[in-house]
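Subject: Structure handover and what was found in it

Dear colleague,

I am passing on the structure that we talked about, and I would be glad if you could look at it alongside the notes in this email.

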Amino acid sequence: MNKLQLSSLYQLTMVRFRLFLREPEAIFWIFFFPILLAVGLGIAFRNRPADVLQVGATTVQLTQALAADKGLTATTVDEAEGTHELATGRILLLAIQRADGVAYKYDDTNPDARTARLLADRAVQAAAGRQDAVQAGNELVHETGARYIDFVVPGLLGMNLMGSAMWGLGFAIVEARQKKLLKRLVASPMPKWQYLASFLLSRLAMLIIEITFFLGFAKVAFGVPFRGSLWQLALLCLMTSLAFSGLGLLVSSRAKTMEAVSGLMNLVMLPMWILSGVFFSATRFPAVIQPVVRALPLTAAIEAMRGNMLQGTGLGQMMPQVGLLAFWFLVPFLVSLRIFRWR
Amino acid sequence: MSEGLGLVETGARVVAQGIGPSLLLRGVRKAFADVQAVDGLDLEVARGECFGLLGPNGAGKTTTIEICEGLTAPDEGSVEVLGLNWRTGAGELRQRIGIQLQETQFPDKLTVEETLRMFRSFFKHGISVEESIKTAQLEEKRKSRVGGLSGGQKQRLAMATALVGDPELLFLDEPTTGLDPQARRHLWDLVDELKHAGRTIILTTHYMDEAERLCDRVAIMDHGKVIALGTPQQLIGTVGGEDIVEFAVGEFDDSRASSVTDSPVSGARPGAPRVEALLAIPGVHSHRVDAGLHQLSVSQLHLAVPRIFAEIAEQGLHLSEFRTHSATLEDVFVRLTGRNLRDE
């Protein structure tokens with residue numbers, strides 16, 4: 001046994017690591033849950049090829065004119081039947097032949113119906129012999145980085161770092177307090193700071209596995225882009241994890257029961273799940289509450305990680321977010337060192 | 001290491017242990033909210049002694065031992081442990097004492113060996129993890145998880161965590177509470193072994209037999225105060241006789257059940273023997289009544305008992321119950337407080 005293995009900091013850290021790995025539920029929540037979530041969201045919000053729109057027409061000539069457009073499929077119906085199909089959503093637009101021309105019946109609040117209106121009119125005019133005044137061609141672009149999955153992966157990463165740090169510290173500490181293990185430890189010559197440091201160190205080791213696993217999956221399965229420096233991304237993940245470890249320590253520094261700490265955890269995390277822009281942009285909230293939204297550590301973490309991954313923004317341009325994360329680590333950590341209840 | 005060096009080390013250890021007491025408490029008081037848990041305690045425990053704090057639940061034993069362990073600060077009074085105090089010498093003291101607390105639960109998912117390896121890493125000097133496992137007789141369980149251990153094995157693991165630092169002074173807080181009789185005897189043997197290795201041991205218990213079996217000296221505590229202090233033999237001696245005679249009497253030839261109900265309707269009142277006559281019997285030292293049961297402390301049982309029988313017959317009373325036992329610390333507690341130890 002070498003000197004490192006005899007040191008108390010090493011032993012405490014290894015104990016944390018072992019206890020984590022021997023808890024199968026924790027492994028599911030930290031490693032597999034975010035991946036399942038990403039897969040689910042990736043499928044739900046995948047970008048489909050442009051749809052072909054269903055339309056109806058009252059005469060066979062009109063139907064043929066409409067069907068000439070690649071973006072439309074047309075069926076011939078009488079006006080009453082067509083109106084019914086419109087109401088039930090089977091067709092988006094009904095083209096009606098009138099004596100003086102063509103009338104389009106559609107819902108102008110439905111974007112797809114408006115598109116159908118444009119395509120239908122273009123097809124009808126072309127069939128009647130209208131010529132394009134300007135020759136136009138298309139260059140199609142399907143850009144990675146602008147898809148929903150690209151947006152949501154940094155959000156899920158931030159949310160996962162928050163959850164694993166807070167639950168990991170909070171439950172372990174309160175359990176040790178409840179079982180009088182904390183009291184037994186302070187009755188031994190163990191340096192108190194090492195006990196708290198062992199949580200941060202084991203978190204760091206787990207963090208490496210956790211983010212490599214999740215981001216690796218996002219890259220392989222969805223081709224999520226990594227435009228910024230990977231080292232800076234790693235540093236951001238580390239700071240995020242430290243900030244939430246500090247908060248987790250603070251939340252669990254006095255609580256005596258699992259119920260109490262669970263309640264406090266949810267109280268701290270729930271506002272961030274909603275406000276911090278995990279699933280949609282935090283800028284959608286009204287201006288009045290923006291100062292609150294911007295001060296939350298998860299908002300800063302997710303913004304910085306999106307900046308790094310999607311825009312390739314350097315750390316130098318994200319100092320407000322980095323500073324906020326450092327603040328959220330230091331202040332709760334120092335406060336909890338003072339108020340921590342060892343028995 | 002050569003023999004000569006070994007000798008030097010033994011010498012150094014003697015110097016380190018010093019000659020003063022292991023533990024010295026003077027005027028210690030501690031209150032929690034409205035309860036005076038410890039109420040002016042003076043104690044002195046010599047090096048190498050096995051000292052017992054005995055008393056019912058709530059007597060202040062645990063508070064006292066936690067004050068000695070530096071886990072609770074006293075409101076008043078001075079505490080000196082191994083010649084040091086907790087304000088200035090905490091770091092050194094923690095290295096030199098071993099502690100087993102009531103109701104510590106070690107993590108279920110660690111093995112015995114991993115738990116001990118962690119505790120060993122806190123101490124600068126101490127015995128090897130293997131040695132502590134052997135002392136606590138947990139060899140077969142070294143790779144087992146703590147969650148799968150029996151109550152006795154968990155308690156021996158707690159002892160092992162207290163021993164890994166090779167402490168000069170060992171605190172054991174109710175080490176056998178909640179264990180079955182076999183596990184208790186097993187743990188007593190372990191404490192015996194530690195005693196013979198020359199460590200000072202301070203233990204709390206509410207079991208009389210445990211204190212009599214293990215302790216060189218005992219302090220009986222009640223309501224935060226020491227009400228008796230001495231060797232178990234000395235304390236039992238204060239009862240006045242080596243044996244206790246217990247009996248119940250009735251005036252009529254009735255079953256004991258009705259004779260103790262004290263019911264005026266049935267007329268079967270418990271008899272009232274004339275106490276002066278009983279106390280006049282040679283060898284009878286004292287008398288008390290507890291729930292209809294008369295207790296006499298007696299020496300020279302074989303001579304006194306026939307005379308007690310004769311006296312009761314002479315008073316026209318009928319014996320409905322009669323038994324004797326050797327005086328124990330329980331009787332000391334009863335004599336001092338008028339209560340049984342496990343009444344609460």
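The notes below cover the model and its confidence, then the contact between the chains, and then each chain in turn.

Please keep in mind that this is a predicted model, in which local features need pLDDT of at least 70, side-chain atom pairs count only at pLDDT 80 or more, and totals for chains, interfaces and linings use all residues. Residues are numbered from 1 along each chain as its sequence is written, while chains are lettered from A and ligands numbered from 1 in the order in which they are written.

For the complex, the predictor gives an ipTM of 0.78 and a pTM of 0.75. Within chain B, confidence is lowest in helix α1 (residues 3-17), with a mean of 39, and highest in helix α4 (residues 112-121), at 95. Over residues 1-17 of chain B pLDDT stays under 50, and the model has three contacts beyond four places in sequence for them; over residues 253-269 of chain B it also stays under 50, with 22 such contacts.

Where the chains meet, 18 residues of chain A are in contact (C-beta atoms, placed from the backbone, within 7 Å) with 20 residues of chain B. On the side of chain A that touches chain B, the elements giving two or more residues are α2 (8-21) and α8 (181-186) of chain A, helices being DSSP runs of H or I with at least four residues, and strands runs of E with at least two, numbered from the N terminus. The largest share of that side, six residues, comes from α2(A).

Within chain A, the axes of helix α10 (residues 230-251) and helix α13 (residues 297-311) come within 10 Å and cross at roughly 170 degrees, the axes being lines fitted to C-alpha atoms over the stretch in contact, with angles from 0 to 180 degrees between N-to-C directions. α10(A) and α13(A) are therefore roughly antiparallel to each other, a term that applies to angles over 145 degrees. Among the residues that meet are A:Leu236 and A:Phe244 in α10(A), and A:Ala301 and A:Met305 in α13(A).

Finally, chain B has 13 helices and 13 strands, and 41% of its 344 residues count as buried, that is, with 20 or more other C-beta atoms within 10 Å of their own.

Best wishes

Conventions. Two residues are in contact if their C-beta atoms, placed from the backbone, lie within 7 Å. Angles under 35 degrees count as roughly parallel, over 145 as roughly antiparallel, 65 to 115 as roughly perpendicular and the rest as oblique. A residue is buried if 20 or more other C-beta atoms lie within 10 Å of its own, exposed if 12 or fewer, and partly exposed in between; C-beta atoms are placed from the backbone. pLDDT is the predictor's confidence in each residue, from 0 to 100.
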